[in-house]
Amino acid sequence: MSESAVTAAPARRSVSLRVQKVADVVIRSIVPVVLALVAGGIVLLALGRHPLGFYGNIWTGGVQGSAWQDSAIRMAPFLLIAAGLTLIFRANIWNLGYNGQFLLSAAVVSGYGPRLVEHVPLWLAFVLLFLAAGAVGALWTLVPAVLKAWYGTNEIITTLMMSFIGIDIASLLIKGPFHDPTTPLPQTAVVPLEKMLPPIPGTRIHVGLLVAVAAILVVHFVLTRTSWGLRLQIMGANPRAARHFGIDLKRLIVVSFLGSGCLVGLAACADIMGLWGYIRTGWDPAYGDTIIPFVFLARLNALAVIPFIAFFAVLSTGGDLAAQQANLPTDFIYVLVGLILLFMTVIEYLGRQRSLGTSYLPPGLRQALRGPRGFFRKKAAA
Amino acid sequence: MILASQVWTQIFWTSVIAGGLLAGLPLMFTALGETISERAGVLNIGLEGMMLCGAYCGFLGAYYGGNQWIGYLAGIAAGALASLVMVVLCVWLGLDQIVVGIAITLAGEGITSVLYQTRFSGSQPRLGNVATAPIPLLDRIPLIGKAVNGQTPLFSQPLVVYLGLAFAIGLTWVFRRTNVGLNLRAAGEKPEALDAAGVSVVATRSYAVLATGALAGLGGAYLAIAGTGGFQPFLTQGQGYMAIVIAMLARGRPLAVVAFSLMFGIALSLSTLLQIAGINLSTEIVNMLPFAAIIVALIVFARRAYLPPALALPYVRGAR
Amino acid sequence: MRAPFRLVAGRRAPPRLSTVSNHTHESVTPLVELAGITKAFPGVLANDNIDLTLRAGAVHCLLGENGAGKSTLIGILSGLTQPDEGTIRIDGAVTTISSPRRALDRGIGTVHQHSTLIPALTVLENLMLGDTRRLRLDDAGARERLRELAAQLGIEVDPDAKAVDLALGHQQQVEIVKALWRGSRVLILDEPTSMLTPQGVAELAKVLKRLTAQGQAVIFITHKLHEALTLGDEVSILRQGRIVGRIDNEAMRTKPAEELRAEIVRTMFGDEPAEVAEVAELQEEIVEAKAPRRARPDADVVLEVRGLSAPGDGTERGIEEVSLELREGEILGVAGVDGNGQRALAEAIAGQRRATHGDVLLFGGSVVRLPVTARQKLGLRYVTDDRLGEGIVGGLPVGLNLFLKRVGDRPFWRHGRMQRGLIDARAAELVREYDVRTPSLSTRVAALSGGNIQKVLLARELSFEPKVVVFHKPTYGLDVKTTATVRDLIRDLAAGGGAALVISTDLDELLEIGDRVAVLSRGRVAGLVPNEPGAAERVGELMVGDTAVEAA
């Protein structure tokens, strides 16, 4: 290898290399989905339903006519949650407490929203509500964040526990201080339609989607172009090296956790103030559970996740209709999504065998699981 | 009056322990399974899904078979089958254990929910009470042994409870005094050493994960059969994750798993107990308590939670 | 009369193995025969048509520099890899060794360079590992066997001690017992002396003698010439994957050591005196003839460590009350067997580990409370020995890795934004300057060879106005040419007004480039020796003080 090899490779080689890379990305992203749909179809057959009819209904319910707008509306909370997850997973931190963060923020927004929009100029109300939701989401990550940063406590467990607690607290709040006094039902007061997030002109889609897209772009920019984002990636890839380089891990962990929680909170605000207008106990859409696979499919790239989320939004919206028509519970979506994840890991394996490029996960992803000693000091593993 | 308060106290405390056993047993089986896995170096996040598969198939087995034992066997088989996915993808192919675990949980939740609802949503069948097996002499002890107010007496539990406790003791012996146990520990501490000693790391871990799935399936089956007497979608409500916490806190010691499972079982069955004691708390607070207890336990203890060094690392011979 | 050659500590080598034992126990039929063994990895031919014969009762040494293919060959013998071509014969019959288990079955036991003992288990448990014939652990039987083997080898072993608590020398002895546990007749040792004190080496030599006396065949690999001559009965010289020379038993016994050495050097490196000069560890005459460099005693003290104490981390020991002074233009070596606190010292100086007592002063100012980045800004640099685990982020490109200690600094980041163009330009310059062989700047740095990764590390640490640099094992595992380059870089640093603290287990290296050598033993400075004739012996004596290395 001569020294001149360091300078740019000849042009022809770079073109075919790029085509190969694009093909590689396509294969690793699309094939798992296709395989999962096929496998899902087999499950449908086993249950005595028509797979083609089912998938056709997904198209009808998700895209056709003006249904695409419903899908787009669903994209708003999805994208914000995806932004939050991409950020934290890049840091090799498993924030699995998004459900609790989401519901708690939603409860707060639903509790204060109806009153706020009556007493304060609408635009200000929206800003305040978004801020509040973000703050609540972030706050709910504080305990797991500090435990991990200072003691290396496994965050999978702490975030999950906080999530379960958060869901119960949200329930309490809805039944208690935020309860709508005019109804015996356990829910909050409904925000009147004209006081909810306004639609993008010419559509039914509320401007929450714009907030979501902006958030995704910001996250992408921060991760790929800023020094903070680079430090985050270093910590995610190799925490020992991060320490060696003098990166302040504790602060980085806490801030990234808070950022992730904040984005999830924003998702809640967009959903409540844009779509639902109120919240009742027992409602747990658990968006995050089904978004995780797509965050991985996009290889933790905030830009690439957008088309995947769009796909899932269609799947989710159309899937509701299709499940109804086929007399199936809507939980069937979980099966599809679980299958997508499984096929994705298999494709990853095959891809690795033929060295089609780097894996979708930062190499140091497993290290976070070890205890305090393991996080900062890797035993000679190999 | 005095007699009444004495009876009240006795009922309360036996109910505490009995209730704790009942609610804690699914946790115990699952956590013991997770202990085996973690000792061997595999972190199993898919426990929730495996428990649910076990619960549903256990319910099916007991319902159609008319017998709790058929249910338990069905649950074991279902859990083992679900864990087979992890064996193939994680142990054999070396793919990421967390991602696959999440996938198993999602798919498990979805499939059991769909299957149950398509078949039973109209009828919501319940299973009968599970036969209990009294310990011959102990159940004659007055006050503690006898059934009071319909609550299961302390020394007369379903047979599977005794089996579970015996299994925990047996597992301790296996870890410390058998070759199997040594191999497991080596696989988790330093798989290269095990490989150099000529034992297949892949085989060791495969058996460990299958055992975990079987035990989680058994735990789920017990929950459906003896615990709630039926199946509901998402029946486990996070107990799979609780089992992971218990396994981590117990640091690989089966008897500690039993102790922690009992504690968390008591926390889980708190609402019934509080009713007996005449204390009224809203359902949400009662539901929250076990998880809050875990957070507190983690804050206090988790600094010392011990995880084997090779946990969650796939093993490839000669790799860097 | 000068000692003809020396061990690490300069002790006179033990007398040649008694010719008697070799004569009587050496057998005629070879125990293991390798013929035409070839093994290729992507991009490199590790073993090229190698023939090798091992006889019972003889110690065969495989000598070659790092990267010559020794580890691959050993891997083939111990079942970790399969040869692409060639045959293996054991007792004359052709066999395959398809896995470590097969190797054990065929009577081949291996002691690897890096410990395969499981730290948390006891010695006995480590030894019992792998017996799948029965369910229960045969505790009593194992104890008996251990007693037997220990007596055979002439060593003492505590069966119930946890492996992590043993000194490195003892650990190696346990590993030898483990290799012989199933009745192996061939013992493979991979770089056995790299972690040993001189006394430990002597003990190892005794053990090997007893083994060969009992008819074992032993093969060990090393890159240290004097070791080959001391411990081996026969020597095969490996270079770039091929056996380029052999010295048989006869020659080893009869020819004088000087002649053997010269012959080996010639075989390994050709006749060029210049090439010979590059080989650091063979430079005995050159080293002792060179006037030792000495920093001007009146130069400023740039780095001072005062009574510094820092904790260990479980497997390695910490430091206690360490005091050192480094002056401008000086190269200070820190010698000692691995695990005596070297890492704690390096990290405490760099700021990665918090000190419990004492002070670190940079240019007279206390920095002990400052974080890593602040110390870097003052001109302190740290080249870690853990290149892959700590030094680089494997998945990031080569170009970016050169700047990972300056994330956020101007001009490469402005207001937090990365200035790609500037980074690429400067990276290209650095890659040229430090001769880093890489397909492109955007290649994943983990794809580079070990030597080139080290060059990336050095480029990173030495290119942005370094003033005081701590080097930890800077030439470990590198081939001869890169080693020389690295040592030149260190010398240039010192000559240019900087100062270097070189922590290394390679005493020859420290004596070649250092002005003074401090000896770290059990976490303390056992002594400070100026680099003058006789320094090696002094250092050896100081090092020998640490017979038992106990974990912190």
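In this predicted model, C:V111 stands opposite C:L189 in β7(C). That pairing belongs to a stretch where β6(C) and strand β7 (residues 186-190) of chain C run parallel, joined by four bridges. Zooming out, the two strands sit in an open sheet of six, ordered β6-β7-β8-β3-β9-β10 (chain C), and the pairing across the sheet is mixed. The edges are taken by β6 (108-111) and β10 (242-247) of chain C, each of which pairs on one side only. From one strand to the next, the twist averages 20 degrees.

Two helices pack over this sheet. Helix α2 (residues 70-77) of chain C lies across β3 (59-63), β6, β7, β8 (217-222) and β9 (234-239) of chain C, and runs at about 150 degrees to β7(C). Helix α6 (residues 168-180) of chain C, for its part, lies across β6 and β7 of chain C, at about 165 degrees to β6(C).

Of its 552 residues, 50% count as buried. Taking contacts in chain C between residues at least 6 apart in sequence, 70% join residues at least 24 apart.

Further along chain C there is another bit of strand pairing to look at. Strand β11 (residues 301-310) and strand β14 (residues 357-362) of chain C pair in the antiparallel sense over five bridges, and here C:R306 stands opposite C:D359 in β14(C). β14(C) is also joined by two bridges to strand β15 (residues 365-366) of chain C, again running antiparallel; C:L362 has C:G365 in β15(C) as its bridge partner. The hairpin of β14(C) and β15(C) has two residues between the strands, and C:F363 takes a positive phi there. The value is near 55 degrees, in a residue other than glycine. Because C:F363 has 16 C-beta neighbours inside 10 Å, it counts as partly exposed.

Such backbone details stand out, since most residues other than glycine have a negative phi, and most peptide bonds are trans. C:K473 is another case, with a positive phi of about 50 degrees although it is not a glycine. C:K473 is in the loop between β19 (468-472) and α19 (480-495) of chain C. With 23 C-beta neighbours inside 10 Å, C:K473 counts as buried. There is a cis peptide bond too, from C:R410 to C:P411, with omega near -5 degrees. C:P411 sits in the loop between α16 (398-401) and β17 (413-414) of chain C.

C:K473 turns up again in the surroundings of C:T505. Leaving aside neighbours within four places in sequence, C:T505 is in contact with C:V337, C:D338 and C:K473. C:T505 is placed in the loop between β20 (499-503) and α20 (507-513) of chain C, and counts as buried because it has 22 C-beta neighbours inside 10 Å. The C-alpha atoms of C:T505 and C:N340 are separated by 10 Å, although the two residues are 165 residues apart along the chain.

Chain A is built along other lines, with 15 helices and zero strands. Buried residues make up 56% of its 382 residues, and among contacts in chain A between residues at least 6 apart in sequence, 79% join residues at least 24 apart. One of its helices, α11 (residues 249-276) of chain A, has 28 residues; at 1.5 Å a residue these should span 40 Å, which agrees with the 39 Å between its end C-alpha atoms. α11(A) is mostly covered, with 21 of its 28 residues buried. Just after α11(A), A:G277 takes a positive phi of about 85 degrees.

Chains C and A also touch: the contact takes 32 residues from chain C and 26 residues from chain A. On the side of chain C that touches chain A, α14 (372-377), α15 (387-391), β18 (417-418) and α17 (420-433) of chain C each supply at least two residues. By class, this side of chain C has 12 nonpolar, 13 polar and seven charged residues.

Finally, a word on confidence in chain B. Its mean pLDDT is 80, and 79% of its residues reach 70 or more. Over residues 147-151 of chain B, pLDDT stays under 50, and for this stretch the model has seven contacts beyond four places in sequence.

Conventions: Residues numbered from 1 in each chain as written. Chains lettered and ligands numbered in written order. Predicted model: local features only at pLDDT ≥ 70, side-chain atom pairs only at ≥ 80, totals over all residues. Nonpolar A, V, L, I, M, F, W, Y, C, P; charged D, E, K, R; others polar. Buried ≥ 20, exposed ≤ 12 C-beta atoms within 10 Å, placed from the backbone. pLDDT = per-residue confidence, 0-100. Pairing = 2+ DSSP bridges. Axes fitted to C-alpha atoms, helices over the stretch in contact; angles between N-to-C directions. Expected span 1.5 Å × (residues − 1).
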